[in-house]
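Trainee: I am new to this structure. Please take me through one part closely, then show me what surrounds that part.

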Amino acid sequence: MDKQVRSRLQKLVSNCRSLLDKEFTAQLQMIYGMQPTGRIDELSTLTHLDNEQYRIATLLRDRVNHLSGLSSSGKEASREAVQRLIREQAFTVLNRFAALKMCEEREITQECVKNGYQSKGFQLFLATCGSGIGDTCQRYVVFIKSIFDELSLDLGILFDRFSSFGLLFPRENAMEKLFAELNTPELSDIWKEDEAIGWVYQYFNSKEERQAMRKSSSAPRNSRELAVRNQFFTPRYVVQFLTDNTLGRIWYEITRGDTALKERCEYLVRRPQEVFLAEGENPPDMPEEDRDKSQEELLKEPEYIPYRKIKVPREIRMLDPACGSMHFGLYAFD
């Protein structure tokens with residue numbers, strides 16, 4: 001994914017966030033009695049809610065109360081909590097549908113987002129369920145949520161429908177606009193890339209938002225600011241360089257250079273003259289005259305590589321202390 005493609009993806013993510021922010025702000029106002037100003041109506045006044053909407057309204061208020069308790073801004077706490085709630089819901093929905101796009105491309109799921117109501121998976125679902133669930137949109141929402149439930153068995157952190165981060169779902173008009181963005185023909189190939197979900201995650205929070213946070217306070221004021229200020233997706237070449245010269249280098253030394261990785265790992269650092277030592281063998285001491293040689297001259301000298309005992313690859317452990325979208329993990333397993 002070159003800079004031009006990432007720039008297009010950044011615009012797509014910005015458009016989707018704006019769309020979802022607007023949609024969920026409207027839902028909170030019109031359905032759930034929660035205003036962007038922070039004013040929240042009593043549940044008893046929302047007589048138009050059905051049972052499911054009442055359940056969601058209760059959970060939304062629980063979430064706002066929790067977020068308000070984390071704030072230190074006094075009177076502004078409720079307003080900031082509602083704004084954060086909207087961002088959370090938008091972030092979750094966007095990441096879920098981006099992940100579905102990636103699942104489609106890998107045939108982990110049947111086609112479900114690529115062609116909206118005409119998606120092959122949905123058409124199969126219609127043939128099975130018939131017309132007993134309401135109109136087409138209502139059936140489609142049930143279809144999508146059933147996919148969420150299935151995927152949540154492996155990826156609960158993202159697809160759990162009962163999570164407080166994913167209580168809202170876009171209505172038909174907003175959903176169609178969201179799909180129009182996600183199915184942009186110019187970006188159809190990006191969903192095949194492992195990096196896609198990471199860049200979506202990165203671009204959701206704009207550069208201007210980070211700058212505003214830093215201008216307002218020298219240190220993060222809450223957990224969200226801590227994340228927004230410090231989360232940066234690692235470019236592919238950095239992932240390759242670091243993994244090639246840790247995991248790749250370990251395997252290269254274990255196999256004494258007899259591995260296909262030395263051709264596949266394009267960033268693997270190798271010395272011109274490498275000497276693999278046998279078990280129990282120690283490298284010779286550096287001659288006195290070599291101590292004054294330049295770095296360039298030393299690079300031409302033999303490099304003695306300590307013996308490494310052969311290991312089953314499954315037993316090699318990996319630690320990623322800043323794991324986000326598993327970018328390092330995916331490349332390590334490849």
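**From a loop into the core**

Mentor: Start with Glu107, which is found in the loop between α3 and α4. Helices here are DSSP runs (H or I, at least four residues), numbered from the N terminus. The model is predicted: local features need pLDDT of at least 70, side-chain atom pairs count only at pLDDT 80 or more, and totals for chains, interfaces and linings use all residues. Residues are numbered from 1 along each chain as its sequence is written, and side-chain values use heavy atoms, with hydrogens and water left out.

Glu107 is not a glycine, yet its phi is positive, at about 60°. Its relative accessibility is 72%, so Glu107 counts as exposed. The cut-offs are these: buried is under 20% relative accessible area, exposed is over 50%, and partly exposed is in between (1.4 Å probe, protein chains only).

Now step back into α3, which spans residues 77–105. The axes of α3 and α2 (residues 51–70) come within 8 Å and cross at roughly 120°. Axes are lines fitted to C-alpha atoms, for helices over the stretch in contact, and angles run from 0 to 180 degrees between N-to-C directions.

Contact means heavy atoms within 4.5 Å. On the α2 side, the contact is made by Leu60, Arg63, Val64, Leu67 and Ser68. On the α3 side, the residues include Ala77, Ala81, Leu85 and Glu88. The residues of this contact divide into seven nonpolar, two polar and three charged. Ala, Val, Leu, Ile, Met, Phe, Trp, Tyr, Cys and Pro count as nonpolar, Asp, Glu, Lys and Arg as charged, and the others, Gly among them, as polar.

Next comes the core. A nonpolar core is a set of buried Ala, Val, Leu, Ile, Met, Phe, Trp, Tyr and Cys residues joined through side-chain atoms within 4.5 Å. The largest one has 63 residues, and Phe97 and Leu100 have the most contacts inside it. Among the helices that each supply at least two residues are α1 (3–30), α5 (136–151) and α7 (172–182). α3 gives the most, with 13 residues.

Look at Leu100 itself. Leaving out residues up to four places away in sequence, Leu100 touches Thr109, Cys112, Val113, Ile144, Ile147, Phe148, Leu151 and Phe159.
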